[in-house]
Each structure stands twice: as C-alpha cells, then as structure tokens.
Amino acid sequence: MEYSYKNRAFTNYYHADNYNILVIAQKRKRENEMSEYSGNEAVIMKNVCKDFKVLNRHEGLKGSIKDLFSRDYKTVSAVKDVTLTVNRGEIIGYLGPNGAGKSTTIKMMTGVLEPTSGEILVNGKVPYKNRTENCENIGVVFGQRSQLWWSLPLIESFKLLRDLYMVPEKDYQDMIALYQSLVDIEPILHKPVREMSLGQRTLSDILAAFLHNPPIVFLDEPTIGLDVSMKAKIRELILGLNKEKNTTVILTTHDMGDVDALCKRIVIIDKGTKIYDNDIDHLKTYFGSYRTLKIKRADDTWEETLIDDKTTDVMDVIMEKRKTMKIKDVKIDEISTEEVIKKIYEGSAK
Amino acid sequence: MHKRGLGFYARIYRKILIQDLKSKMSYRADFIISTFGMIMTNLSGFITFMILFHNFPTINGWDYYHMLFLYGFSLVALTPVQCFFDNNWNLRFMVQSGDFIKYCFRPVNVFFYFISEVFDVKGLGQLAFGIGTIIYAWIKIGIPVTPLVIGKLIVFLLTASLFMIALMNFAAATCFWIKGSGYVMVIMFRFKDFAKYPSSIFEGIFKIIFTFIIPIAFIAYYPSLVILTPDNVPLLSWISPLYGILFVFLSYKFWMLGVRKYDFTGS
Amino acid sequence: MNPKRLLAITRAGIMESLHFRLGIFVTLFANLIYLVLVYYLWKAIYASSGTTVVNGMTFEDTMIYLILATALFNFLEMFVVWDMSRSIQSGKIVLDLLKPMRFRKYTFWSYTGNHIVQFVLTFIPTFVVVMIVTKGAIPMGLNLVWFLAATVIALMINYNIEMLIAPICFFTESTWGVNIVKETIVLLLSGATIPLAFFPEKARMVVSYLPFRAVYDIPLSILLGKNGSDTWQGLVSLFALQLAWLLVLTLAGNLFWNSAVKKVTVNGG
C-alpha cells in the first residue's frame, strides 16, 4: 500500500497538485515510526484535537434578544487530528492562515490548554498536567504582549526572571555575556520597557525567553511590525542562540523572510489540520518547475508572472509580452517561498 | 525541576512587591489623589454612620460606641484584601484582552504571581482609620487591656480578613466563566459596607445566607464579639478561624479552576 | 445630528449589551441580594427607633426609596471614564477622536444602548416587584411621565459630570483616585446611600441646591410624590433646578473638554 502510494507520488513528484499524496505517505511513515519518547524529540503531538463550544448567535436586534435565552451551542473544531514531531535543535516554521489553529496548538504545547483528545509530550512530559514543570523548560514570546515588567529597566526584569527560574548566578552571567556578543544590549539594558520602541521591546522579550536556557522556545510572530534592520538583527539573534545552546525553536510567522532566514523545516496548518510538514527544500523541489518571470516595463516598474515551466515555455511568454509592451530588462527567478505557501493554501482550499 | 518552597515564594513576593511600589511612586499625582480618594471614602463612611446615629440612637440593642467598635474592626479586617489582593480588580480586563496568559507561562503558582503584582498603599490609610476608631471606641466602652485580649484581637482580626479575601476571589474568578460579570465585584464590595452592622439584624434563611454563604457576618460581627462580650461568646465566633481558612481555601480552588477551564480565547 | 445615525449607534449599543447575557442575569441577582441586605438593615433600624415615622419617612418609604435608588444606580452607571482611560492607555483614543461624529456626542449615544437595556432589564422588573410587594404603594399617574423626563435629564447630568471628571483623570493620570472621590461625593450627596430626608437640617439645605441631588433625589421624589412634587409649583421648581444644573454643567463641560482635548497626553510608543 505504502509502496504504491510512494510510486504514484514519485511519478507525479513535480506536479504540485499531488503533493497532498506525498504528504499523506510521509505522514503514515512517520506515524508508524514514532516510538515512545527517546530523548531526542522536543515535542511530540499525536492525533491531537481541540474543540470549543460556541454559542450560535443570530443576526440583528431581534436575534440578540432571542440569544439572551438560547441554549443553542455548536462545537467548533479548532484543531483536528494533528500529529507532529519536533526534534531537538530544530528551528521549525509554523505557518498557516489566520484562524487556522496555530495559536491553539501552541497553547496546548505550552500547557495552557488541555486537548480534547490525543497526546502531547513536551520534553518528555505532558504539558497541561505539569504546568509549572513544563514552564521551567520553555520560553514563550506571545504576540505583541510583553511579558516583562512595564516600568522596570530591562536588567531588573532579567534579575527577577533569574530569581523566578532559579538560574544559577554563573549561568545567568554567561547568558548576559552571550547576549552582549550577539547583539549590543548595552543601550537597552537600563531602559524601562515602556520607553522602548517596538523593535527594542521585541528584542527584550526574546532575550527574556531564552534567559533561563530552556530546551524549547516558542516565538509567536516575533518580527511583526519591525523595520528591516531590526528584523535582520532578531533573526541573527535567534540563529546565534540556536547554534550556541541547541535550543529548539518553534516559530510562528507570516513573514517569509523569517522562514527563509531561519527555518529548515516548515509545518503548515490550515483549518485545524496539518497540510504540510517537511523541509523547506522539498517545498522548493515540488514547485521546482515554477519560475518567477520578472519583466521591467518602460516606466521602470517590474511586472511579475508565475510560470509552470512544465506547461509553459518561458521564452514563449516573453515573446508574447514583447508584442504588446516594451521590455527593458528580464529576470528569471526561482519560485519564492511566499508563492509556494500561497499555492499550498490554495491547494488545501480545493 | 526546582523545588519551590515557602522561602522561595516569600523572597519572590518581596521582590515583585518592591517593583510595584517603585513604579507606583513615579506617578506622584496619582498617588496623592488616590490617597485623598481613600480618605474621602472613609470620611463618607463616617458621615453616613453619623447621620444614621443622628436619627437612630441604637440599632438592635447596639449603642453608638459598640457600633463604632464594630465599624473600626471591620475597617481593619478589610485592609489586607485592599492592600494585597487588589489585582483581582484587574483580572477581568486581563482575561478579556488576553494579557492574562502571560501569568501561565512562568513556573510559579498562577494565583500567587497574579496577586503579587500589585500592592495598594492606599489601604494603609484605611488601616490607620480603623485602628484609630477601635482605640477610641475601646476607651469609651472601657474594655480592659490585657495581653490575652490583645492577642485575641490580633488573631480574630486576621481571621476576619480571610473572609473578604475569599469573597473577592470568588467574585473576581467569575470572569473566567461569565462575560460582563464585573458588577459582581462591585456588589461584593458594597456588601462589605454591611459588615459594620450587627448581623443579628438578619432573620431566617437570610441569616444563614449572610453568615455562611456570603459570610458578611464573619467579617466583623462574630470575631469582634470575642472582645466585646467575652462572657457570652457564641460558638460561631470560636469556629470563625477554621471557617475562614476553609472558605479562603475554597475560593482559591475556585479561582484556579477558572484558570484551568478557561478557553484563553481572549485574543 | 442625523437621527438615523443615532438610531444605528443606539441599536449597536443594545446588541452589544445583550451579548453579555449571563452577566446581565448575574447583575440582576446581585442587586436582589443587595436589596435584601438593605431591607434587613432598615427593618432593624426602624424597629430600634421606637417610632414608625422618622423625619417624614416610614420604613416603607425608606425601603421603596432605597430600592429604586439602587435600580436607578444600575441604570445611570457609566463606565465612561474607565473606558476612556483604558482607551488612552492603549492609544486607541486617537482612532476614536477621528470618527466622523463629535466624540462626546458619539460616546453619549453609544452608551444609550446599554442604558436602555439596563432600564428594561433592571429598573422595570424592580419597579414591578416593588409594586406587587407593597401592593401599589407607588402612585401611578402622570408622575410616571414626569419621572421618565426627570430620569433622562438626570442621565444627561450624570454624563456631564463624568465628562468633567475625565479630563482631570487624564491630567493627573489618576483614574481610580479621581473617580472614587467623585463617586463617593455623588452617592452620598445625591441621596442614594441615605435618603436626604435624614440629613440634619442645615446640611440638607445646602445639599438640596447641589447638582448631585438632581441625579437621584429629584427623579425619585417625582416618582413617589414627595418633596412637594405632587403640586404643580413643587414639580416645576424641581425640574427648574435640574435643568439649571444641566445647562451649567453642559457649558462647563464643553469648555473643559475642548481645552483638554488639546492637551491629551497619549501613552506609549
């Protein structure tokens, strides 16, 4: 059974529409391979589901009045049968459209929510059963909400965290020194968080998350709203820390720049199910035949077209375009990660 | 896994508390006005009291000075909840906005962490008022001053404070289940105004409700009887410490249950 | 001021309030419990006093007064200052000030929806219950109409007081402090905690000219036919007082508000 799936997938290997089948095959393979916690997995999720009860609300004023007394609840499946394994030291990109169920799965991994069914093991333990123990071993940066003390200079927050997590003084000093070597923290170390710019605040939160040297760090949209140089700085920081401390990083993001810079592997969630789980290179390979054709117009603006090399000849397209417009310059790029993700989203919608 | 004992929590509490005070000090105008506000509230309470007694010289057999003692006693009993558990008022908003989740990411008890973030200095003003009133009434009634009586006073003041803490915990925790339940906290807070009256005014089923379920009677009435009528102390006064501990424990459990059951779908 | 617009805002306000359905029931229930407390307290007070009438009020009078005052309190309560201060802290105030309608008017009408819900769900049931329990102690007649009018004016006065308080909160960055002072003063001097009838003579004289009375005491007096409101002269003088204060506060509010908007300090980066 598995062989025939693999075979079929192999012949259609480069056809985007059948990547689904390949995913299913790989999923089966992984599930069968998944043994008990062997020490090398940071996170194991097996058939995890999460349902929420939501009131069926009706429209309009009359509807609101009726709702006042209604007991009509519906069950919303935020997460449907997700299975995932993350190994130590990996930086994985956790992608998906808004409302796909990403933050729900993260909340379950951090022990804040209890799954409706299925198993989760983080660092070999069940997160929601041992919340405090789990928290010792994770770092979290959640959205734009700072977890630091608002009016305190950053160094005071660090000291408080050092005490909260019972970090030995030497380890603490080493960590600060490491930070100093990776990014220049001197200017913000004595600033209260409320006086910091968004970029500095995000940087501080990330530093705080790594401070107690947790094996796993969850970063939720860390580069959102930041300028280009700050984004670069933060990506460097994450890479540096991952290298130095072998920290597993689960990075939720919408920014493809983050994905390109940091992740070797990405997991895509949509409508509560996992629709893709593989290396980023594989992704490019699926869509390897796609090219981005960039044509510079007469007014110096660029026009982009996505072309499937297998069905359409790039040269033909250029020739066609030449008939109707003046071409000042031509560039042919690989398909961008963003386009790939878009195609996957579209594919799952079918 | 690090073991976190009482010593750890005590040290952390001190540190977090000091930080809160430091940051509050920087808002000087707010500090002054809030202290003034506290004085106003206490003054208003006194004025209400005075007006009442202007028209009605006794209430249920309690005369002016005994009532005053009860009033002072309740003020002191209400100070711990005002000073240490003030953050409960913010619970609703933090849960609604989703900011509450950050308390669940630290390897410390969530209730402790949440409550320890805020210390309300203004409550100390109320303490001063309360102690002053107790002393004044004490002198006027002529209660003898012995180490035993002082000891009893302290013990039963502490006991009494447990009840309001528990009530506010219950009220605040409703926000985990019910949206827009902020009024419950406001009402609980207004209930405390009735703690300064003798609970003998209640009858029947309500006597039970206001003694055991919403134990207003235990905030000042029963504990103070130990001092005021030492020859005739009702059984309930003696069991108030036990009931207080039980009640506060239940409220803590309820609060934590709310954290566990909550969907965290704030945002 | 487009009536269609106003209606839309009010409707939105109603729907939003109904959203918190369990919260509404909880509020109602909490109120009832509070009223039980009030009942027993005053019963004991009157029992101990030896006479049935104190300062012109019987036990029944006092009860009815306080119950309706509590119900009215729910209705009039506005979290304007709290919402506004939160909106300033989060920076959202900038969005609000940009909306097409003038900020103050818009805020007023958006709270109207909530008020209507409160009135229907809290005040009216309480009123009905009191009528049943006391077997019709509240006179039913034209006074109901006047009462509604007085209540609307009281609402506007309350709103103006809030709008006056709001800029003070911003300047001092102290929301709780200022608000508590205001609430304490209003509740005490408006007759909501203790009916004004019980105030000592001289105090009562002074208090009866303050605006706070216009918020609770006047509407309730009109409803219950007290304080001379059962005569035309009495009624008119009460209304006159209310309207006078409304005028004064609206003007003061306008001045204060406009100068405050110019100086609003927005928090955060």
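1. **What you are looking at.** This is a predicted model, in which local features need pLDDT of at least 70 and side-chain atom pairs count only at pLDDT 80 or more, while totals for chains, interfaces and linings use all residues. Residues are numbered from 1 along each chain as its sequence is written, and chains are lettered from A and ligands numbered from 1 in the order in which they are written.

2. **Confidence in chain A.** pLDDT is the predictor's confidence in each residue, from 0 to 100. Chain A averages 81, and 85% of the residues score at least 70.

3. **Chain A overall.** You can count 14 helices and 12 strands in chain A; helices (H or I, at least four residues) and strands (E, at least two) are DSSP runs, numbered from the N terminus. Of the 350 residues in chain A, 34% are buried. Here, buried is 20 or more other C-beta atoms within 10 Å of the residue's own, exposed is 12 or fewer, and partly exposed is in between, with C-beta atoms placed from the backbone. Among contacts in chain A with a separation of 6 or more, 71% come from residues 24 or more positions apart.

4. **Two phi values to check.** Most residues other than glycine have a negative phi. A:Met166, though, has a positive phi near 55°. You will find A:Met166 in the loop between helix 6 (154-164) and helix 7 (169-182) of chain A. A:Met166 has 14 other C-beta atoms within 10 Å, so it is partly exposed. A:Glu221 also has a positive phi, near 50°, and sits in the loop between strand 6 (216-220) and helix 10 (228-245) of chain A. With 19 other C-beta atoms within 10 Å, A:Glu221 is partly exposed.

5. **A helix pair in chain B.** Have a look at helix 3 (residues 64-84) and helix 6 (residues 123-141) of chain B, whose axes come within 8 Å and cross at roughly 155°. The axes are lines fitted to C-alpha atoms, for helices over the stretch in contact, and angles run from 0 to 180 degrees between N-to-C directions. The residues of their contact divide into 18 nonpolar, eight polar and one charged. Ala, Val, Leu, Ile, Met, Phe, Trp, Tyr, Cys and Pro count as nonpolar, Asp, Glu, Lys and Arg as charged, and the others, Gly among them, as polar.

6. **Where the chains meet.** The contact between chains C and B takes 32 residues from chain C and 34 residues from chain B. Helix 2 (21-49) and helix 8 (175-189) of chain C each supply at least two residues of chain C's side, and the largest share, 14 residues, comes from helix 2 of chain C. Chain C's side has 21 nonpolar, 10 polar and one charged. The contact of chain B with chain A takes 18 residues from chain B and 22 residues from chain A.

7. **An enclosed helix in chain C.** Helix 10 (residues 217-224) of chain C is largely enclosed by the rest of the structure, because seven of its eight residues are buried. Among them are C:Ile218, C:Leu220 and C:Ile222. After helix 10 of chain C comes C:Gly225, with a positive phi near 70°.

Terms used: Contact = placed C-beta atoms within 7 Å.
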